[in-house]
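Please read this briefing alongside the sequence and the coordinates. The points that follow are grouped by topic.

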Amino acid sequence: MNIQKKLTIAVLFFLSTQVKAVGLYDAVYENNQLLIPVLKAGEEVYEVTMVLDQGYSSSNPKCAEICFRLTSAQDITNISTSAYSIYDELTSVLMINNLWYQGKAYEISLKFVDETGGAYYFALETAKEQLTYPLFRTSYENKNHLNVPTQSIPIHWTKGGIYFANDNAYGFADFFQDGTLSFFKAQLTYSPARPTSEITPSLLSFWRINSDGEWIEDNLGLLSESDSVGCTHPRKAVIADFNNDMKPDIWLACSGYDAPPFTRENQSLLLSQNSGVYKTLEIQNSNYYAHGAAAADINDDGWTDILNVGGSAFFYINNGDGTFSEDRTRILNASQKDDDYVTGELVDVNDDGFVDIVLGGGGFNEAVSPVKIIYNDGNGIFSEEVTLPVSGDDYNLTLDLFVEQGSVYLLQTRTSPFKYKGSSVKKVNLKTMDYEVIFKSVDKSGYNTIVESQHNPYINGIPPSDVSLPSWIDWIVPYRNRIVSPSIVYALDVPL
């Protein structure tokens with residue numbers, strides 16, 4: 001028996017006490033039973049259970065070492081695609097990626113080998129260790145397909161006595177290249193209530209989980225002191241591979257001083273280097289008031305490009321050398337307008353293999369800038385538009401969104417006269433265009449603002465009672481069959 005097969009058998013027999021199932025694909029092996037919560041087979045989706053059949057394995061040469069017998073396959077519909085395994089009907093191979101064992105991820109493959117007496121048998125083929133956490137081709141997947149649960153994440157609540165709420169320029173990826181998820185944050189250090197002469201740059205930091213399960217800052221080996229400062233006002237951290245080295249890079253959507261005269265600024269990029277460190281670059285000729293951004297290869301040249309969102313929307317095309325060129329020719333209907341869009345994603349809405357644009361905003365009048373889907377014609381040109389229905393309430397500013405199972409989920413807050421107080425999550429069915437409110441909170445009601453009793457994410461102590469805590473949720477992600485806020489401060493956890 002070779003070493004790989006020994007590893008495979010060890011993984012399967014000891015997962016019952018060691019498994020930590022996280023990541024895009026998810027499965028659990030316990031008490032000789034393999035549970036696959038979401039399995040895609042063609043157009044169908046199932047919850048599957050298999051049992052280790054030692055008798056069949058020892059008597060049937062098709063199994064070689066280990067065989068599983070299918071015990072149940074239940075149809076499911078309302079699920080999040082952020083956690084699924086795949087059965088390829090052409091090759092009869094079932095793939096389970098990121099099956100975790102003792103802090104490491106394994107890729108498991110099973111092959112359908114026999115049907116006997118109405119029972120279906122799958123033979124174990126491989127169990128390969130994955131050395132790094134998955135990095136996907138689009139920033140949408142790197143945000144929404146990592147199965148990140150609600151948790152206590154680091155928040156620097158004070159810089160010079162100022163509380164900076166709703167800092168949403170953060171993200172998760174395998175920045176340390178050790179097979180685990182780590183955390184990046186761009187922290188504001190200025191207040192728009194103070195004059196422009198007091199503007200200071202953001203602070204950039206990387207974090208990892210220690211042996212006690214707590215986030216600890218660890219910039220050593222990743223950031224030099226000169227590279228640990230970013231743009232003035234980072235709005236969103238976009239995670240993708242911009243230099244094709246298979247490591248996560250970070251684009252910061254930056255807006256500049258967030259008060260009159262609303263000075264713009266160049267965008268920032270943390271680009272991974274051969275040495276393993278990150279170099280913080282200022283993107284030349286990108287002086288813009290950007291609220292949002294998204295990343296994907298738009299022109300099919302093998303380099304990841306940027307959708308810039310802030311008022312209108314347009315692209316920065318990756319030149320492949322750390323520079324980007326502005327391109328306003330690809331979004332035929334939206335890029336030339338002064339629309340009030342603040343967020344956007346590049347995601348394949350209609351499952352044709354090409355990413356589409358979803359724009360959200362609304363400002364003080366959602367009817368002027370409603371949520372739009374702009375479809376890709378297959379050549380990186382976006383022209384066909386679908387406009388989602390306008391909300392029937394005063395939650396009219398879309399801050400974040402994702403697309404799952406034929407519906408768009410919108411995170412919205414209120415504007416005038418409520419000044420961004422409260423949040424709602426709406427679900428819009430793309431076939432019927434019906435929408436329903438699945439979560440609503442007026443002001444801070446329903447938020448877990450007293451987190452210090454069990455979870456204290458605040459650095460430099462707990463905010464005093466007279467400090468205004470966050471009044472709107474920063475962003476949302478799908479987690480299994482639910483919608484959650486990554487930060488436990490907001491305590492959002494509702495079914496899809």
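## Briefing on the predicted model

Asn 285 sits in the loop between β17 (278–282) and β18 (292–296), where strands (E, at least two residues) and helices (H or I, at least four) are DSSP runs numbered from the N terminus. This is a predicted model, in which local features need pLDDT of at least 70 and side-chain atom pairs count only at pLDDT 80 or more, while totals for chains, interfaces and linings use all residues. Residues are numbered from 1 along each chain as its sequence is written, and side-chain values use heavy atoms, with hydrogens and water left out.

**Overall composition**

- The protein contains three helices and 33 strands.
- Of the 496 residues in the protein, 55% are buried, a term that means under 20% relative accessible area, with exposed meaning over 50% and partly exposed in between (1.4 Å probe, protein chains only).
- Among contacts (heavy atoms within 4.5 Å) between residues at least 6 apart in sequence, 54% join residues at least 24 apart.

- Asn 285 has a positive phi of about 60 degrees although it is not a glycine, and it counts as exposed because its relative accessibility is 70%.
- Asp 300, in the loop between β18 and β19 (305–310), is likewise not a glycine and has a positive phi of about 55 degrees; Asp 300 counts as exposed because its relative accessibility is 70%.
- Pro 260 and Pro 261 are joined by a cis peptide bond with an omega of about 10 degrees, and Pro 261 is found in the loop between β15 (249–254) and β16 (268–272).

- Not counting residues up to four places away in sequence, Ile 483 touches a set of residues including Phe 402, Tyr 409, Val 425, Ile 438 and Leu 492.

**The disulfide**

- A search of the whole structure finds one disulfide, defined as a pair of cysteine sulfur atoms within 2.5 Å.
- This disulfide is formed by Cys 231 and Cys 254, whose sulfur atoms are 2.0 Å apart, and the link is left-handed, with -75 degrees about the S-S bond.
- The pair links distant parts of the chain, 23 residues apart, with Cys 231 in the loop between β13 (215–217) and β14 (234–240) and Cys 254 in strand β15.
- Both Cys 231 and Cys 254 are buried.

- Strand β1 (residues 28–30) runs antiparallel to strand β2 (residues 33–41) and is joined to it by three bridges, two strands being paired if DSSP finds at least two bridges between them.
- Tyr 29 stands opposite Leu 34 in β2, and the hairpin of β1 and β2 has two residues between the strands, with Asn 31 in the turn at a positive phi of about 50 degrees.
- β2 also pairs with strand β3 (residues 44–52) in the antiparallel sense over seven bridges, and Gly 42 takes a positive phi near 65 degrees in their hairpin, which has two residues between the strands.
- The pairing of β2 with strand β5 (residues 85–88) is parallel, over three bridges.
- Lys 40 has Val 45 as its bridge partner in β3 and stands opposite Ile 86 in β5.

**A three-stranded sheet**

- An open sheet has the order β31-β32-β33 with antiparallel pairing, and its edge strands, each pairing on one side only, are β31 (477–479) and β33 (493–495).
- Three bridges join β31 to the antiparallel strand β32 (residues 482–484), and Val 477 stands opposite Val 484 in β32.

**A buried helix residue**

- Asn 144 belongs to helix α3 (residues 139–144) and counts as buried because its relative accessibility is 0%.
- Asn 144 and Glu 404 are 260 residues apart in sequence and 10.0 Å apart in space, C-alpha to C-alpha.
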